Amino acid sequence: MRLLSALIFSFCANIDNIMIGITYGLNRVCIQLKYNLIISLFISFTTYLSMTLGNYIFKIIPIDTLSKLSCWILICWGCVQISNAIFDHTQETIKPIKKMTLKQAVILSLILAFNNAAVGISANIAGVDASLTFCCTLIISVCFLHVGQILGKKCPNAFKAQHAQLLSGILLIILGLLETFI
């Protein structure tokens, strides 16, 4: 039963990784395995820390503040993507595949970790096992980022060239708004 709780929590807490993966896939940015692991380990570790230290963190930073901060970062990131799509008229027909940089991996890790830290505190209060959640979060995060990226890359190339950045910006804003109100 403890494993099932950890699996369900990890699934729900990391479902946004699919949309993030789609965003990167649409923009033809390859999240290499090493960066996927770095991102997922950071998310898992942050979730674990928030679950084990949740009562102390909650006294310093309210859960709502952490959650809202991660949502607003996603919304701002989406606005930047949309702005770039609207004002960048030099898009190629097919963008070359770029590889994620360490800097991008760290920024993405921080954004996703804020969200998981907020829900991790709640999971701690609900009694979800932190060690099992660490393992489940790591596996699910790696898989969801990878699956999302594959889905994003499957879009037709003509669509990508014209609308990828715009769509990814819209998806990020939707994700941020959903996380704000859920």
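Author: The protein has eight helices and two strands. The model is predicted, so local features need pLDDT of at least 70, side-chain atom pairs count only at pLDDT 80 or more, and totals for chains, interfaces and linings use all residues. Residues are numbered from 1 along each chain as its sequence is written, and side-chain values use heavy atoms, with hydrogens and water left out.

Reader: What makes a stretch a helix or a strand here?

Author: DSSP runs do. A helix is an H or I run of at least four residues, a strand an E run of at least two, and both are numbered from the N terminus. Along the sequence the pattern reads α-α-β-α-α-α-β-α-α-α.

Reader: Where is confidence lowest, and where is it highest?

Author: pLDDT is the predictor's confidence in each residue, from 0 to 100. The protein averages 81, and 84% of its residues reach 70 or more. Helix α8 (residues 157-181) is lowest, with a mean of 69, while α3 is highest, at 93. Where pLDDT is low, predicted coordinates should not be read in detail.

Reader: Why is Met 51 called buried?

Author: Its relative accessibility is 1%. Buried means under 20% relative accessible area, exposed means over 50%, and partly exposed lies in between (1.4 Å probe, protein chains only). Therefore Met 51 counts as buried. Met 51 sits in helix α3. Its C-alpha is 9.6 Å from that of Phe 134, 83 residues away along the chain.

Reader: How do you know that Ser 122 and Asn 124 are partly exposed?

Author: Ser 122 has a relative accessible area of 37%, so it is partly exposed. Asn 124 is at 23%, so it is partly exposed too. Ser 122 is 7.8 Å from Gly 54, C-alpha to C-alpha, across 68 residues of sequence. For Asn 124 and Thr 52, 72 residues apart along the chain, the C-alpha separation is 7.0 Å.

Reader: What makes α2 mostly covered?

Author: Eleven of its eleven residues are buried. Among them are Asp 16, Asn 17, Ile 20 and Tyr 24. Across the protein's 182 residues, buried ones make up 47%.

Reader: Which residues touch the most other members of the largest nonpolar core?

Author: A nonpolar core is a set of buried Ala, Val, Leu, Ile, Met, Phe, Trp, Tyr and Cys residues joined through side-chain atoms within 4.5 Å. The largest has 16 residues, and Ile 20, Tyr 24, Ile 31, Ile 39, Trp 77, Met 100 and Leu 108 touch the most other members. Helices α2 (16-26), α3 (33-52), α5 (63-87) and α6 (102-126) each supply at least two residues. α6 gives the most, four residues. Another core lies apart from this one, with eight residues that include Ala 6, Phe 9, Met 51 and Cys 136.

Reader: Why is α3 called roughly parallel to α6?

Author: Their axes come within 7 Å and cross at roughly 30°. Under 35 degrees counts as roughly parallel, over 145 as roughly antiparallel, 65 to 115 as roughly perpendicular, and the rest as oblique. So α3 is roughly parallel to α6. Axes are lines fitted to C-alpha atoms, for helices over the stretch in contact, and angles run from 0 to 180 degrees between N-to-C directions.

Reader: Which residue classes make up the contact of α3 with α6?

Author: It has 15 nonpolar, seven polar and no charged residues. Ala, Val, Leu, Ile, Met, Phe, Trp, Tyr, Cys and Pro count as nonpolar, Asp, Glu, Lys and Arg as charged, and the others, Gly among them, as polar.

Reader: How do you know that α2 and α1 are roughly antiparallel to α6?

Author: α2 packs on α6 at about 160°, with axes 11 Å apart. That makes α2 roughly antiparallel to α6. Helix α1 (residues 2-14) meets α6 at about 150°, with axes 10 Å apart. So α1 is roughly antiparallel to α6.
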